[in-house]
Amino acid sequence: MTSTLQILRLDIGLPLDSGAIFSPLEIGYETWGELNADKSNAVLICHALTGDQFVAGPNPVTGQPAWWANLVGPGRIIDTNRYFVICTNVLGGCMGTSGPASIGPDGQPYGLSFPVITIADMVRAQAALIDHLGIERLFAVIGGSMGGMQVLEWIASRPDRVGAAMPIASAARHSAQNIAFHEVGRQAVMADPDWQGGAYQTKGTKPVKGLSVARMAAHITYLSDAALHRKFGRRLQDRNEVAFGFDADFQIESYLRYQGSRFVDRFDANSYLYITRAMDYFDLAAGFNGRLSDAFTAFKGRACVVSFSSDWHYPPADSRHITRAMIGAGVEVSAFEVETDKGHDAFLLDEPQFHEAMAGFLAASAADQGL
Amino acid sequence: MSKAASTRADHEIIIHAVPQGARVLDVGCGDGVLLHRLKQERNAVVRGMELSQAGVNACVAKGLSVVQGDADLDLALYPDDSFDIVVLSRTIQATRRPEMVLKQMHRIGAKAVVSLPNFGFWQVRLSLFLRGRMPVTQGLPDSWHETENLHLCTLLDFDDLAKQSGFDLESVTRIAAGKASAPSRATSSLLNWLSEEAVFVLKRAGMAAR
């Protein structure tokens, strides 16, 4: 499938959690399939921290393949012959939606003058696009990791606008451990002299070293110990014995360095700071007097909560916490734990059990909603 | 708490006890065979809870709304009166605290349907009496050290516990050799001798029959 970089400019003032009003708002988004006559077949897919809107077709800017090509497309589980699939770059991102690297009204990049945003703010921006497309109610909202947080925020803040919700490998709040890993990443970026207090765009530098270290640390959290061991073990990189130095002796070192160096080409360092901050601030229950189930009482659709057994970044316990709150709220919820050793990243990989669950859930939801 | 057979005599009775369009929670729903039939044959609004992740996954893949949970711990999550009927089929004998489970069911649904193996069945009694060993029968196929059953009881024992937990008996149906008899209004010593398995339809005490 082909894709182009579509950007919608809205001259609205978007009220943010911080109290700021953001304007003008630009939203980079992609759609696949056709919206039906009664606008009842729209599926919103929410991407993860470093994802983008190119869920079903290659990214025309970076040339990267679609990140969920195995799930979204004609005849796939999220069937674009049947559903109108929408995916937007999140607020604060760097793929067309307003973010710190965007040019502000004064003609300069925002940098650190970009307002601090939250998951709820990202959902506000998505809702503005959905309004613009004239869609009252989404057939389904689906997302993994940070995308799952957006799914939860959708059903908490706009319960009538969602028919089916699927938060995958996600959490209703960021744990201390999650915040800790993010802080390591942010400190790595900010410790790079080329970060220039956030003003690297105007100074003509790029904090590639810091951002690359941030990505390396984060990447470890996406994989399980077992998967790392299976893939790399203690194997050495292009050598037969250790070199008694600090080159990449081990394959895992070489792999992480490669992941880090590849990431800086496609991602903005300040975006990384803003988006990780939004995730750290996420605590859905906080807006409901600490009772998570109260966040779900108004939602009358179906939900399917998916987790992966070896995910220690957003472990199955986080998903069970969501499920239990939904049960308490009387939500029609199913919960699915995929047995896998691939860790958090499993939601992006070919996991037949996970795909079966999604197919079953979407088919039942479509039958419920008369699609 | 798993179920294998697709046609089970207790399932037939349970399906019969569920009115059209009822909201049903199946506690220990296995791979969802009963839930699926209730949805198809009774147009019921069905939810399930199952201990084994494999069972849960099988249900979700079929489009059933099922969560992983333990009857002993997780029934407390459900709001009061959230279902018309709560089903517990061949599960109560495997729970750690059967009385607590029954009380939770009483709180969650107006009616409860419980099927269980009857330790008072004549074959069981005879086996224990003559052989002096824990019975291994068609209804209780596992040896004492392999069984998941923690709290086996007789039909009369369960009747007592159900009443103690605030239920009135609506009917009890005897199953022997895979065949169900006509439902009875009350338990009896004879029924206890003759039932290999029993299905109790219970309603909250003081409620009129529907």
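Analyst: In this predicted model, the C-alpha centres of domain 1 and domain 2 of chain A lie 26 Å apart. Domain 1 is made up of two segments, 6–174 and 283–368, while domain 2 covers 178–277. Contact between them involves 27 residues of domain 1 of chain A and 21 residues of domain 2 of chain A. On the side of domain 1 that touches domain 2, there are 11 nonpolar, 13 polar and three charged residues.

The largest nonpolar core has 167 residues, and A:Val43, A:Val85 and A:Met166 are those that touch the most other members. Because domain 1 and domain 2 of chain A both give residues to this core, it lies between them. In soluble globular proteins, nonpolar side chains tend to be buried together. Around A:Val43, with neighbours within four places in sequence left aside, the contacts include A:Ile78, A:Tyr83, A:Phe84, A:Val85 and A:Ile86. A:Leu138, A:Phe139, A:Ala140 and A:Ile142 are also in contact with A:Val43.

Chain A also meets chain B: 20 residues of chain A are in contact with 17 residues of chain B. Strand S11 (302–308), helix H9 (316–328), strand S12 (332–338) and helix H10 (352–368) of chain A each give two or more residues to the side that touches chain B. H10(A) gives the most, with seven residues. By class, this side of chain A has nine nonpolar, six polar and five charged residues. For the complex, the predictor gives an ipTM of 0.85 and a pTM of 0.93.

B:Gly166, which follows H7(B), has a positive phi, near 95 degrees.

As to confidence, chain B averages a pLDDT of 92, and 95% of its residues score at least 70. Over residues 1–5 of chain B, however, pLDDT stays under 50. Where pLDDT is low, the predicted coordinates should not be read in detail.

Key. Residues are numbered from 1 along each chain as its sequence is written. Chains are lettered from A and ligands numbered from 1 in the order in which they are written. This is a predicted model: local features need pLDDT of at least 70, side-chain atom pairs count only at pLDDT 80 or more; totals for chains, interfaces and linings use all residues. pLDDT is the predictor's confidence in each residue, from 0 to 100. Two residues are in contact if their C-beta atoms, placed from the backbone, lie within 7 Å. A nonpolar core is a set of buried Ala, Val, Leu, Ile, Met, Phe, Trp, Tyr and Cys residues joined through C-beta atoms within 7 Å. A residue is buried if 20 or more other C-beta atoms lie within 10 Å of its own, exposed if 12 or fewer, and partly exposed in between; C-beta atoms are placed from the backbone. Domain bounds come from an automatic or database domain assignment. Ala, Val, Leu, Ile, Met, Phe, Trp, Tyr, Cys and Pro count as nonpolar, Asp, Glu, Lys and Arg as charged, and the others, Gly among them, as polar. Helices (H or I, at least four residues) and strands (E, at least two) are DSSP runs, numbered from the N terminus.
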